[in-house]
Amino acid sequence: MVAVRRTHLKSGFDLKSWIESLSLPDYEKSAILQTFDYCSRHLDENTDDGIRLRKRAAEMVGILLTLHLDLPTLQTAIIYPHVEEGHFTIDQARDEFGPEIAQLLSGTRDMEAIKCLQNISNNEVPEQQVDKVRRMLISMIEDVRSVCVKLAERIAVLREVKSAPEETRVLIAKEISTIYAPLANRLGIGQLKWELEDLAFRYLHPDIYKKIAHLLDEKRIDREAYINKFVSELKAALAENGIKADVYGRPKHIYSIWRKMQKKHLEFTQLYDVRAVRIIVEKINDCYAALGVVHTHWHHIPSEFDDYIANPKPNGYKSIHTVVIGDEGKTVEIQIRTQQMHRDAELGVAAHWKYKEGRTGQSDSAYEERIAWLRKLLAWQEDMVESGSLIDEFRSQVFEDRVYVFTPKGDVIDLPQGATPLDLAYSIHTMVGHCCIGAKVNNKIVPFTYTLQTGEQVEIITQKEPNPSRDWLNPENGYIRTSRARAKIQSWFKKIDREHNITAGREILARELDRHGLDLSKEKTEELLQGACPKYNVTQIDELLAKIGAGDVKINQLINSFETTLKNSRSGEEADREILARYGADETKQSDASAKPLPGKAGPGSEISVHGVGNLLTHLAKCCHPIPGDDIVGFITVGRGISVHRTDCPQFKDLSKGHPERVVEASWNGDYSKGYSLTVIIEANDRPGLLRDITTVLANQNVNVLGVRSKSNLAKHSAVIEIDMEVYNVGDLSRVLTRLNQINDVVSAKRL
């Protein structure tokens with residue numbers, strides 16, 4: 001039978017007397033009194049707030065006692081109302097009572113996320129609210145005690161607002177009838193479900209509630225006399241057949257009566273189960289034996305028979321329901337169940353949960369209970385969707401796009417839809433992922449490509465030494481789906497490849513310095529490298545060299561920056577003297593035609609006219625690769641003649657700011673027939689066949705390809721391709737770029 005609680009407290013409530021009346025061991029009574037005293041130190045218990053919160057806490061304790069919950073849960077119930085109203089924090093409670101109670105308080109507080117479910121815009125779901133609800137679900141799955149505390153608190157609040165303004169009562173009742181009562185129902189906690197439903201119904205439909213209550217009271221005496229007689233006859237019949245059973249009349253709740261009247265369109269007098277009896281037996285076999293006795297002695301109504309033992313309700317409820325016709329043609333509903341079924345029906349998941357410390361050694365049955373608990377939560381969410389309280393978008397973000405799986409220890413892991421065992425391994429810990437060599441789902445070996453499903457138990461098999469595979473990064477293999485796992489794997493290989501990249505970076509740098517004629521000492525080279533580090537977001541020379549070796553730093557740009565630094569380190573006057581001395585000219589006179597050119601390769605300089613400097617060696621700048629048709633300008637270098645830049649070259653702009661006196665006019669002669677090399681950068685969405693399509697376009701345009709470098713971003717499925725090519729003028733380049741930009745999945749193709 002549903003327990004009748006004694007915690008409807010009066011104004012003259014005496015805390016110590018009430019605690020002494022509780023059926024608890026003395027040490028638990030002492031702990032409860034100490035908890036109340038602690039709360040009183042933060043809020044004067046003689047104030048209105050103090051009296052109200054003390055009564056609410058006592059109500060909650062009385063409610064939770066009917067669920068047979070442990071001492072930490074009862075202490076949490078006392079503390080939580082004070083935490084909720086900000087009289088002290090969870091951290092303060094942790095210091096006083098320890099981590100277990102702090103965790104329960106945190107889980108109960110997380111359930112406040114429920115309030116945001118009814119206040120979400122129909123157009124968008126804030127990510128913050130989604131995260132709150134996910135945390136709430138995890139807390140609920142991890143420890144059902146926090147749910148019981150919250151449900152008890154809602155019942156206590158419902159009792160408190162009995163004399164509050166109607167608007168306040170209605171708002172609270174709507175929230176409870178829409179969210180908390182369905183939750184208690186799905187969890188099978190009948191002890192709390194009926195009171196949540198009845199109290200909310202009383203505030204939402206006061207006239208209907210009073211009418212049904214009046215009809216029940218009006219017939220109560222006759223009904224009780226009839227039930228007592230029926231129970232006596234039933235007990236005798238069961239005893240005759242050797243069936244041990246407890247038989248009693250059971251209370252009928254007003255909300256359930258009204259719901260049945262609405263569902264079946266019946267008047268109160270037409271209800272079959274206003275008169276109700278319950279039979280509690282020891283074994284399942286006795287349930288069916290008792291059913292046989294009932295149907296033998298009384299005629300039953302076939303349409304009202306339900307076997308919830310063979311076909312349990314979604315919330316796990318089990319019982320046999322039948323309606324028989326007794327004396328005077330009156331109907332009586334009979335429920336038949338075992339003691340365990342009765343306990344489950346009244347306490348639900350609270351009857352099974354493991355609360356003791358050291359839960360890491362949970363049995364298989366405890367694991368199964370967690371899965372059943374999770375499924376009930378998901379079913380509760382479906383109830384809410386049907387009632388219109390959750391929009392589909394929110395449901396999708398919180399439930400349909402997430403997977404909730406369990407570790408062998410019973411911990412719940414929240415993952416994106418489509419996650420694999422490797423994703424789970426990396427979500428637990430980076431080294432668990434690196435050392436993963438296999439996985440079991442529900443004790444069966446599965447491949448890394450297996451897609452995890454909600455409610456599954458997953459065990460990660462590891463080895464001692466980390467050994468991730470590069471194949472895991474290939475999206476086509478389907479080993480990982482989450483960006484977090486992908487980033488951790490990439491970080492691993494980046495770290496492993498670092499030494500190799502540092503060595504390669506040193507070789508590349510030495511080769512390019514030699515090619516550009518920069519004969520630098522080791523100390524000067526390191527000084528230049530250290531100076532360049534901030535530009536590339538690194539702090540150490542080795543990090544910069546590793547980036548060079550990995551291709552993350554363009555060596556030409558680095559060399560150009562070295563040259564600029566070297567030039568800027570000299571004064572303008574010293575540089576001018578060096579130039580004049582080298583070319584035999586003075587400041588007021590142009591150098592004559594017999595001026596000796598600097599040694600070196602002439603390159604394509606013959607197609608370029610540089611005005612005002614005579615026969616000086618010219619070369620095309622490698623930073624911008626000018627080609628015929630580009631607007632160009634010359635810059636007098638130190639020791640390498642005149643470098644010819646495009647007028648829009650960033651490197652030239654930096655040089656000209658430091659030494660504007662070295663800038664000279666330059667133009668194309670118009671008599672050129674050679675090809676000019678340059679680099680085109682293509683950014684694209686990576687896909688099979690992309691490089692083939694690009695080279696086909698280049699071949700059709702008769703472009704001579706000098707070199708190709710590509711780099712893919714597996715996380716973003718993108719690619720950057722650099723192509724060194726030979727063209728004759730700007731018109732040729734423009735046509736090539738136009739064709740490249742027309743290729744499918746090419747985002748941009750532009751000249752470096």
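R159 and E59 are both buried, where buried means under 20% relative accessible area, exposed over 50% and partly exposed in between (1.4 Å probe, protein chains only). The two side chains form a salt bridge, and their closest N and O atoms are 2.1 Å apart. A salt bridge here is a side-chain nitrogen of Lys or Arg within 4 Å of a carboxyl oxygen of Asp or Glu. R159 lies in helix 8 and E59 in helix 3, so the pair ties together parts that are 100 residues apart in sequence. Helices (H or I, at least four residues) and strands (E, at least two) are DSSP runs, numbered from the N terminus.

The model is predicted: local features need pLDDT of at least 70 and side-chain atom pairs count only at pLDDT 80 or more, while totals for chains, interfaces and linings use all residues. Residues are numbered from 1 along each chain as its sequence is written, and side-chain values use heavy atoms, with hydrogens and water left out.

Helix 3 spans residues 48-65. This helix has 18 residues and reaches 26 Å from its first C-alpha to its last, close to the expected 26 Å. The expected span is 1.5 Å times one less than the number of residues. Buried residues of helix 3 include G50, L53, R54, R56 and E59.

In total, the model has 24 salt bridges. R145 and D70 form one of them, at 2.8 Å from N to O. R145 is in helix 8, and D70 is in the loop between helix 3 and helix 4, 75 residues apart. R145 counts as buried because its relative accessibility is 3%.

D648 and R646 also form a salt bridge, with the closest N and O atoms 3.1 Å apart. D648 is partly exposed at 45% relative accessibility, whereas R646 is buried at 13%. Elsewhere, salt bridges that share partners join R56, E84, K150, E153, R154, E160 and E175 into one network.

Strand 18 (residues 704-713) and strand 19 (residues 718-727) run antiparallel and are joined by nine bridges. Strands pair if DSSP finds at least two bridges between them. V708 has I723 in strand 19 as its bridge partner. The two strands form a hairpin with four residues between them. In the turn, H717 has a positive phi of about 55°.
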